[in-house]
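Visitor: Could you take me in for a close look at a single part of this one? I'd like to hear how that part sits in its surroundings.

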Amino acid sequence: MAAEPDSAPQPPNAGPSYGPMSERHWSRARRDSNREAIDYYRERSKAPGVAEGGAERNFYCMRCDGVIAYTHSAPNCPHCGEPIDEHVKRYFNWVEINEPPPSDFLPLLKLGSALLAALVAVGALLWWWLA
Ligand SMILES: [Zn+2]
């Protein structure tokens, strides 16, 4: 079924999609929306290290928003001295929390204890049966 070109509903005041940008273009129509988000990013642009640029995978300080290189190994922020949690990294628009897995010792101890108890039980049964 072929669509008829003139049957599609048109938005009010729909004009041509060519020519100079009108006030209906999204960049002009939404000029005053999301002011809070725009202000937030403008403030973040002033954080230490942002003007100098960064590298891939750099992250940001939780306190001063400063840029920290991914290979930064010191325990504190190079800008404000805030201690850096090595398991929590704040990237541009998300936070990564790496929780190291707990030790395998306790589950292995439980399994080993159960196996040892079973072995002792079988040994005691054999000793009782053969004696
Ligand atoms: Zn900092």
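Guide: Of the 131 residues in the protein chain, 5% count as buried (20 or more other C-beta atoms within 10 Å of a residue's own; 12 or fewer is exposed, in between is partly exposed, and C-beta atoms are placed from the backbone). This is a predicted model, where local features need pLDDT of at least 70, side-chain atom pairs count only at pLDDT 80 or more, and totals for chains, interfaces and linings use all residues. Residues are numbered from 1 along each chain as its sequence is written.

Not counting residues up to four places away in sequence, I68 touches N58, F59, Y60, C61, C77 and P78; contact takes C-beta atoms, placed from the backbone, within 7 Å.

That brings us to P78, in the loop between β2 and β3 (88-90). P78 counts as partly exposed because it has 16 C-beta neighbours inside 10 Å. Beyond its neighbours within four places in sequence, P78 is in contact with I68 and H72. G49 lies 29 residues from P78 in sequence, and their C-alphas are 9.6 Å apart in space.

Methods: Two residues are in contact if their C-beta atoms, placed from the backbone, lie within 7 Å. Helices (H or I, at least four residues) and strands (E, at least two) are DSSP runs, numbered from the N terminus.
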